[in-house]
Amino acid sequence: MLLHHPQIKAEIVVSLEAPHLVVRANEEIRGLLDYSEAEILGRSIKILLGPQTDSIVIHSSIKSASFSKSSIAHVVLYGKIGQCRNVIVSCSPFLDEGGGLSGCLMLLESSEAIKITQALENNSFAKALISAEYPHMVQMVNDEFTYLFGFTPSQVMGRSLRTIHGPRTDSEVWRELLQTASIGRISKGIMYNCSSSCHETQNLVTCVPVTEADGAISNILVFFSPGPPPADHPAPAPLPEAHAFAIGRNAAASARFDYDHAHAPRRDAACAAAAGSGFPSSASLLEFSRFSPTPHQQLHRLSFSDAFPNDPAAAAAAA
C-alpha cells in the first residue's frame, strides 16, 4: 500500500519556439522561485537557468511537448536572487481553446531530495543507501538495519534489497516507491519484509531521493520503521529482562531474536494506540532510541521520547 501526500506546484506555459518565452504563469511561482507572475511573463525560460542547470534536459522536454509527448525530470533552477533550487519539472503539451497545440505546460514542484552528506549522517532509524539506477544495489546499511533484519553489511552490500523480500512482499509497491523517489519525491508505503531468520514483519518503508553536488539524483535512502506484526504471526511473549538485553558480541541472529522479544510488546501496544487508519502515520511512528557505541553488546530500551524526530525523512533533511 502506498501513502501519498500532495505537493504545491507552480505552473508556467512557455512558447515552443526558442527562446521559449513565458506566456502564462500562476502565483505559486513566487513561493518556489521568488518571482512574481508579472516579473516572469514575457521573459525567456533562460531566466530560470544557471550554471548547474542541465539546459539540455529543459530544451529536450520542451521539444518533446511540441510532439505531444509528456516528460518529467529533476533539474536545478535558479530563483530571483540567484539561489539554486532542486526542482521536479513536468512538461506536457498545452492546448489553446480551439484544441490546437500552442505551448509547453511546465509544472514546477520543489524537490524533496537531500544531499549525500545528509544521507550519511547518523540517526536512530534502520536505513539502507541504494543506487537510484536499476538494479538499485545496496551501498550502505547501518547497525539498526542489522538489528531489524539480521543481515550484516557484508551480506547485503553490492546486492539489491530483494535480500529482505519475502513471499508476501508486493514487488509492484516496491517498484513504485523507487520510481517516485528517483524523480525527486519522498515516497512511503507499507510492505512485508523478511529477516535473515525468515521472520516476517510489516514495515513502513520511506524512500528519500539523494542528490550529488550537481543536483542529479544518484541514490535513494530507504528507511524501515517497525509496524504491527502480521495477524498470523503474533508477537512472542516477553522474556525476562536480563535475557532480553543480554546480546552476545557478533551474534546477529541472537540480536534479532532478543530484539523482537524485547521490543514487540511495547511496539504493538503503541501501534494499537496510534490506531485510526490501523497503521501508525509518519507523524506517529514509533521511535527507537539510539544504539550504544558498542551496538553488538547491548540494546537500549524502546523509547517514546520526543528528543528524536519521529519522521525518518524529516530527520534526514534536518541532519
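Cys-198 is found in the loop between β10 (187–194) and β11 (200–211); helices (H or I, at least four residues) and strands (E, at least two) are DSSP runs, numbered from the N terminus. The structure is a predicted model, in which local features need pLDDT of at least 70, side-chain atom pairs count only at pLDDT 80 or more, and totals for chains, interfaces and linings use all residues. Residues are numbered from 1 along each chain as its sequence is written, and side-chain values use heavy atoms, with hydrogens and water left out. Although Cys-198 is not a glycine, its phi is positive, at about 65°. With a relative accessible area of 66%, Cys-198 is exposed; here buried means under 20% relative accessible area, exposed over 50%, and partly exposed in between (1.4 Å probe, protein chains only).

Cys-198 is in no disulfide, and the nearest cysteine sulfur, that of Cys-194, is 6.3 Å away. Cys-84 counts as partly exposed, at 41% relative accessibility.The loop between β2 and β3 holds Pro-19 and also His-20. A cis peptide bond joins Ala-18 to Pro-19, with omega of about 10°. The next residue to look at is His-20, where phi is positive, near 55°, in a residue other than glycine. His-20 is buried, with a relative accessible area of 8%. The peptide bond from Tyr-134 to Pro-135 is cis, and its omega is near 10°.

Now for the sheet. Strands of a sheet pair through backbone hydrogen bonds, either parallel or antiparallel. Five strands form an open sheet in the order β3-β2-β6-β5-β4, and the pairing is antiparallel. At the edges are β3 (22–25) and β4, each of which pairs on one side only. Two strands count as paired if DSSP finds at least two bridges between them. On average, neighbouring strands of this sheet are turned by 30° against each other, direction ignored; axes are lines fitted to C-alpha atoms, for helices over the stretch in contact, and angles run from 0 to 180 degrees between N-to-C directions. The antiparallel strands β5 and β6 are joined by nine bridges, and Val-87 stands opposite Ser-110 in β6.

Helix α3 (residues 55–66) has twelve residues and reaches 17 Å from its first C-alpha to its last, close to the 16 Å expected at 1.5 Å a residue. That expected span is 1.5 Å times one less than the number of residues in the helix. Within α3, the residues Ile-58, Ser-61, Ile-62 and Ala-65 are buried. They cover an arc of only 95° around the axis, so they sit on the same side of α3; the arc is that of the directions from the helix axis to the C-beta atoms. These buried residues pack against β2 (9–14), β4 (71–78), β5 (84–95) and β6 (101–110), where contact means heavy atoms within 4.5 Å. On the face of α3 turned away from its buried side, Ile-56 and Lys-63 are exposed. Just after α3, Ser-68 takes a positive phi of about 65°.

Another serine, Ser-36, is found in the loop between α1 (28–33) and α2 (37–40). Ser-36 counts as buried, at 9% relative accessibility. Leaving aside neighbours within four places in sequence, Ser-36 is in contact with Ile-29 and Arg-30.

Methods
Disulfide = S-S within 2.5 Å.
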